[in-house]
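Let's take a walk through this structure together. Please have the sequence and the 3D view open side by side as you read.

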Amino acid sequence: MINELSQLLALDRKNELSSLQPVSHRDVMTIAELYPNISEQYLEFIRKIGTGSTTREFNIYEPEPACLVEQHPSFRLYQSDAYQSVYGRRPEGDAIPADAVAIGDSGATWRYCLCPELGEAVFCLDMAGPTFETEAENFFSFVAQTVMLGRK
């Protein structure tokens, strides 16, 4: 598990995080007010490293309610009667926790989320289930294992 930003940066030998743009202190404070108990690692990361697209096109962004995924075309397709008539009934999916916020994606049907009520972990919200499963035990470990190429 990675607990310090310096540990994470030491792993970024290919400078994959170099294209991210730091978020202003004021904006970070606003995020902290809007999303109480959001990961301190996440807040430190976006303030010091930033948001945007990595050099490998993994997106890290300011939080947005994870339930917004329900408006995404892929989510609607996977949940549609037409999809189920072709591929069969899907098992009951996971509920999206009310305080879950999406903070990243790789352009696929997954959104990576923080959920303060469930602790420091980062979760993968898969639109196809939907499923909501632990991806990493904290934000810095998530960046090392999932965002940076070849770390998982």
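Keep in mind that the model is a predicted one. Thr54 sits in the loop that links strand 1 (52–53) to strand 2 (59–65). Which residues does Thr54 touch, leaving aside those up to four places away in sequence? They are Glu16, Leu17, Ser19, Leu20 and Val147.

For a contrast, turn to another loop, the one between strand 3 and strand 4, where you will find Gly107. Is Gly107 buried or exposed? Gly107 has a relative accessible area of 62%, so it is exposed, the cut-off for that being over 50%. Gly107 and Phe58 are separated by 49 residues in sequence, yet their C-alpha atoms are 7.5 Å apart in space.

Now let's move to helix 3, which covers residues 40–48. At its start, the backbone nitrogen of Gln41 has a side-chain oxygen of Ser39 within 3.2 Å. After helix 3 comes Gly50, with a positive phi near 125°. Within helix 3, the buried residues are Gln41, Tyr42, Leu43, Phe45 and Ile46. What covers them? The cover includes helix 1 (5–11), helix 2, strand 2, strand 3 (101–105), strand 4 (110–114) and helix 6 (139–147).

Two of these neighbours deserve a longer look. Two packed helices are described by the angle between their axes and the distance between the axes. Helix 2 (residues 25–34) packs against helix 3 at an angle of about 160°, and the axes are 9 Å apart. The two helices are therefore roughly antiparallel to each other, since an angle over 145 degrees counts as such. The crossing of helix 2 past helix 3 is right-handed. On the helix 2 side, the contact is made by His25, Val28, Ile31 and Ala32, which meet Leu43, Ile46 and Arg47 of helix 3. Sorted by class, this contact has 5 nonpolar, 1 polar and 1 charged residues.

Helix 6 meets helix 3 as well, and here the axes come within 8 Å and cross at roughly 60°. From helix 3, Gln41, Tyr42, Glu44 and Phe45 take part, and their partners in helix 6 are Phe139, Phe140 and Val143. By class, the contact of helix 3 with helix 6 has 5 nonpolar, 1 polar and 1 charged residues.

How values were computed:
Residues numbered from 1 in each chain as written. Predicted model: local features only at pLDDT ≥ 70, side-chain atom pairs only at ≥ 80, totals over all residues. Heavy atoms only, no water. Axes fitted to C-alpha atoms, helices over the stretch in contact; angles between N-to-C directions. Helix = DSSP H or I, 4+ residues; strand = E, 2+ residues; numbered from the N terminus. Parallel < 35°, antiparallel > 145°, perpendicular 65-115°, else oblique. Left-handed = near helix turned anticlockwise from the far one by under 90°. Contact = heavy atoms within 4.5 Å. Nonpolar A, V, L, I, M, F, W, Y, C, P; charged D, E, K, R; others polar. Buried < 20%, exposed > 50% of the residue type's maximum accessible area, 1.4 Å probe, protein only. Polar contact = N/O pair within 3.5 Å; in protein donor to acceptor, adjacent residues only side chain to side chain.
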